[in-house]
Amino acid sequence: MKLKSQTITDDDLHAFVDGVLAPDRHRIIEAYLAQHPAQQRRIAGWQAQSDELRSTLSCIIEEPLPPELTLTHLLATQRRRSFSGLGQQLRVAAGLLLALGVGATTGWLGRSGINSPATSSNDTGVTALRLETNAAYQVFSNPSISTMMKSRSAPETTDHTLWRALGAKFKIPDLTPAGFSVDRIAWVATTHGPAAVVMYGSTDGQRLLLLVRKMDVPASGDHMSEAHVNGHSQFTWISHGVGFSVASAGAATTLHHIANQIRADERSL
Amino acid sequence: MNAIATIEAMIPALRRYARGLLGSVQDADDLVHDALVDALGKLNPKHTLNDVQPWMFTILRNRFISDQRRAKHRVNVVLDENTAEMPVNCPNQDQGLQMRDLSLGLATLQLEQREVLLLITVEGFTYAEVAKMLDIPVGTVMSRLSRARDRLNDFMDGKTRPRLRSVL
C-alpha cells in the first residue's frame, strides 16, 4: 500500500532523527522515507549534523574546569552575596522563626517601612492567612509598636520601648567590639506574639541578624543549639524566658562567640 | 545525589551550551559563572533532582538574554572565517576543523533556532522540556528546530555562507 505523504509531518521526521518515535510510528516513517529520497537526504543531513555537534562539542565536557567554576569557589561567592537584600533578610528571619517554632508576618521599622509576609506554619490557605492576620493585628495594633513604626528613632533610644513591647527584658546588643553595627530594626508578628529583628552589618559587608521574642515555654537548661541552613550558621537559646536566635554567613566560630557574648550581656540585665 | 551535587555535575554541560550560544570561551565561562551564582542563591528545598537540570539551563539562558539586553556579552560566533575564535580546544585536529565548520554553521542560525537545536540535539532535552524552558508552545519549538536543521543542512551543503558580522 502506498503511504500518503500528507499523513507524515515534519514533527515525525524530527522525532525519527531524535529517536523518540514509538516503534510502530518509526516503521511507518522508515517506509515513507524509502519512498521519498529527497526527504531521506534531508533527514540524513539532520542526522549527520546532530552526530557532528554531539561528537565535536563533547571535547568541552572533557576540559578541566577553571577554578572560578568549581563549587567551592561558587559557594564562597554565594556567601558573600547572601544577607545582601531585604528578601534574604526576610528568609533568614523566617528561618529563625522556624527555629523557635512559630508562624509569622513582618512589619519593618526604620528605613524601608515595608510590610511583607514571611509565613512559616503547618497551616495552609485561608487558615494560615487568618492566623497570620490575627497575629499581625495583635502585634501591630499594640500602641507601643505602632508608635515605633512611625518613628525613625535611633536604635539606642528604642531599648525601653522594645522592652515594653516585647513584654520582656531586652537591650539591643552592642556588637561594635565584634565589628558589627545596627542597620535596622524590624517587628515580626508571630502567632506567639511580637518578635524583634535586629539587623547588623560590618564594614566588610558581612550581615548578622538577631531575632528576639518572649517565650511561652521555659528553657530546658542552658543549652544553645547550633544549626547550619542555606549557607548561614545559626545559634538559638532561651534566657530568662526570652528566646534569642542569631544568624550569619560568616565563620560559625565567630558567630558562636558573638552569641555567647549576647547571652552574657542579656543575663546581666 | 542532592540538588547542589546535581548542579555541580552539570557544569561541563552548561559550559558546552554556553559555548554553543556565545562562541567565545571566556564569555561562555563568565556566563556559566553568573548563572551558577544566580542558581545557588535561588535554590530551595522544593527543587527535585528531576527539575534541577532544566531549571539550571533556564537560569543560564535567562541570564544570557538579560546580559544580551545589557550588551554585556556580544555574541562572537563568527566575524571572519580566518579569525573566528574556536569555542573548543580539541586535542584532535580533525575535531578542531570540524568545530570550525560547525561554528560557522551555527553562526548562520538565529539565536532562537540555535538554542533549540543545542538543547535538543546536544543536551538531550525533550521537545516538551524545551518548550517549558523557553516558555513557548511545543509547536514553536518544532518549527524553530525545522528551520535550524534545514538552514544548517544548507550551510553544510554549501548553499549558504555566514554573513561577516556578529549574529546578534
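# Chains A and B: a chat about the model

Modeller: Before you look closely, chain A averages a pLDDT of 73, and 62% of the residues score at least 70, where pLDDT is the predictor's confidence in each residue, from 0 to 100. This is a predicted model, in which local features need pLDDT of at least 70 and side-chain atom pairs count only at pLDDT 80 or more, while totals for chains, interfaces and linings use all residues. Residues are numbered from 1 along each chain as its sequence is written, and chains are lettered from A and ligands numbered from 1 in the order in which they are written.

Colleague: Where in chain A is confidence lowest, and where is it highest?

Modeller: Confidence is lowest in strand 2 (residues 115-117) of chain A, at a mean of 36, and highest in helix 1 (residues 10-17) of chain A, at 94; here helices (H or I, at least four residues) and strands (E, at least two) are DSSP runs, numbered from the N terminus.

Colleague: And which residues of chain A stay under 50?

Modeller: One such stretch is residues 105-122 of chain A, for which the model has 53 contacts beyond four places in sequence, a contact being two residues whose C-beta atoms, placed from the backbone, lie within 7 Å. Residues 1-5 of chain A also stay under 50 in pLDDT, and for them the model has 4 contacts beyond four places in sequence. Where pLDDT is low, the predicted coordinates should not be read in detail.

Colleague: OK, strand 4 of chain A then. Why is it called largely enclosed?

Modeller: Strand 4 (residues 193-202) of chain A is largely enclosed by the rest of the structure because 8 of its 10 residues are buried. A residue is buried if 20 or more other C-beta atoms lie within 10 Å of its own, exposed if 12 or fewer, and partly exposed in between, with C-beta atoms placed from the backbone.

Colleague: Which strands does it pair with?

Modeller: Strand 3 (residues 180-190) of chain A pairs with strand 4 in the antiparallel sense over 10 bridges, and A:Trp187 stands opposite A:Ala196 in strand 4. Strand 5 (residues 207-214) of chain A also runs antiparallel to strand 4, joined to it by 7 bridges, with A:Tyr200 opposite A:Leu208. Pairing here requires that DSSP finds at least two bridges between two strands.

Colleague: What about the hairpin of strands 4 and 5?

Modeller: That hairpin has 4 residues between the strands, and A:Gly205 takes a positive phi near 90°.

Colleague: Switching to chain B: how many helices and strands does it have?

Modeller: Chain B has 7 helices and 0 strands, and 42% of its 168 residues count as buried.

Colleague: How many residues does each chain bring to the contact?

Modeller: The contact takes 32 residues from chain B and 28 residues from chain A. Helix 1 (3-22) of chain B is among the elements giving two or more residues to the side of chain B that touches chain A, and helix 1 gives the most, with 8 residues.

Colleague: So is helix 1 of chain B straight or bent?

Modeller: Helix 1 of chain B bends by about 45° at B:Ile11, and a proline, B:Pro12, follows within four residues; the bend at a residue is the angle between axes fitted to the seven residues ending there and the seven starting there. Its buried residues include B:Ile7, B:Met10 and B:Leu14, and just after helix 1, B:Gly23 takes a positive phi of about 85°.
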